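Please keep the sequence and the three-dimensional view at hand while reading the points below.

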Amino acid sequence: MSDLKQRTYSGLRWTFLNAFGEKVLSFGTTMILARILDPEHFGLYALAFIAIDSFGIFKNLGMDAAIIQRKDRVEEAADTALMVLPIVGLLLFGLLYLCAPSIANWMGNPEVGGPIQGLGFVLVLMSLGNVPQALIQRQMKFSIRTTANLTGMVAYALIAVILSVWGFGVWSLVYAYLTRWAISIPMQWVMLGWKPKWKFDASLFKEMFRFSKYVLAAWTIG
């Protein structure tokens, strides 16, 4: 019990540090970018995220929750999810890329099509990070999540400011956001030290999906 308490207190500290650090970095970066970029650049970026968040609901099929709640065959479940989720991420990215012009027209702003297509690649990146993130949460190794996330946020801030100064406009935000996850997700893999066996178990996937479909349904309704 003492070990559980210690891990809980440690997790709370790291979670607070992650939330506080992310807010500070985000606020500071936004204040700098507000002096460089035009309001329309932030508007395009925000509009693009409406589409990204909508498609992103399906990026992990609720499999992360299914991994976290398991009491047995956790490694096999993680392997099975890893064999599926990158395919889902690629399919979502492809669908979003093709639909971006129509979504932009529906929004009444054709200029947002390009940023939607660019930001859509984050669905692929995140599909590679869903399983290690679930294992990190399950094992309560929040120091890994905090270190990787804040490192990614620092990279985001640097790239966004540099590219905005160079005149990249809304693309400075797009490239910076992709860089954030391109750095933080591999860091999580390395720090976690998890080595997948690259095996897929169809029966185990069905068992996991019987749980995760309710999580997915709740996200969709929300």
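## Pockets, buried residues and a helix contact

The second largest pocket has a volume of about 250 Å³, while the largest pocket holds about 380 Å³ of space. The model under discussion is predicted.

**The largest pocket**

- Twenty residues, written 20 in the count, line the largest pocket, and Asp64, Asn130, Gln133, Arg145 and Trp181 are the ones that lie nearest its centre.
- Two or more lining residues come from each of helix 1 (2-34), helix 3 (63-69), helix 6 (122-138), helix 7 (142-165) and helix 8 (170-192).
- Helix 6 contributes the most to this lining, namely five residues.
- Sorted by class, the lining of the largest pocket comprises eight polar, seven nonpolar and five charged residues.

**The second largest pocket**

- The lining of the second largest pocket is made up of 13 residues, and those nearest its centre are Ser26, Thr30, Met153, Tyr156 and Arg180.
- At least two residues of this lining are supplied by each of helix 1, helix 2 (39-56), helix 7 and helix 8.
- Helix 1 provides the largest share of the lining of the second largest pocket, with six residues.
- In terms of class, seven nonpolar, three polar and three charged residues form the lining of the second largest pocket.

**Gly62 and Ser212**

- Gly62 is found in the loop between helix 2 and helix 3, whereas Ser212 belongs to helix 9 (residues 202-221).
- Gly62 counts as buried because its relative accessibility is 0%, under the limit of 20%.
- Ser212 likewise has 0% relative accessibility and therefore counts as buried.
- Setting aside residues up to four places away in sequence, Gly62 touches Ser212, Val215 and Trp219.
- With its neighbours within four places in sequence left out, Ser212 is in contact with Leu61, Gly62, Met63 and Ala66.
- Gly62 and Leu216 are 154 residues apart in sequence, yet their C-alpha atoms are 5.2 Å apart in space.

**Leu92**

- Leu92 has its place in helix 4 (residues 74-107).
- The relative accessible area of Leu92 is 10%, which is under 20%, so this residue is buried.
- Apart from residues up to four places away in sequence, Leu92 touches Phe55, Phe58, Lys59 and Leu123.
- Between Leu92 and Phe168, which are 76 residues apart along the chain, the separation of the C-alpha atoms is 26 Å.

**The contact of helix 4 with helix 9**

- On the side of helix 4, Glu76, Ala77, Thr80, Ala81 and Val84 take part, and they meet Leu204, Phe205 and Met208 in helix 9.
- The residues of this contact divide into six nonpolar, one polar and one charged.

Notes:
Residues numbered from 1 in each chain as written. Predicted model: local features only at pLDDT ≥ 70, side-chain atom pairs only at ≥ 80, totals over all residues. Heavy atoms only, no water. 1 Å grid on protein atoms, 1.4 Å probe; cavity = no way out; pocket = protein on both sides within 12 Å on 5 of 7 lines; lining within 4 Å. Points joined across faces, edges and corners; volume = space filled by probe spheres on them. Helix = DSSP H or I, 4+ residues; strand = E, 2+ residues; numbered from the N terminus. Nonpolar A, V, L, I, M, F, W, Y, C, P; charged D, E, K, R; others polar. Buried < 20%, exposed > 50% of the residue type's maximum accessible area, 1.4 Å probe, protein only. Contact = heavy atoms within 4.5 Å.
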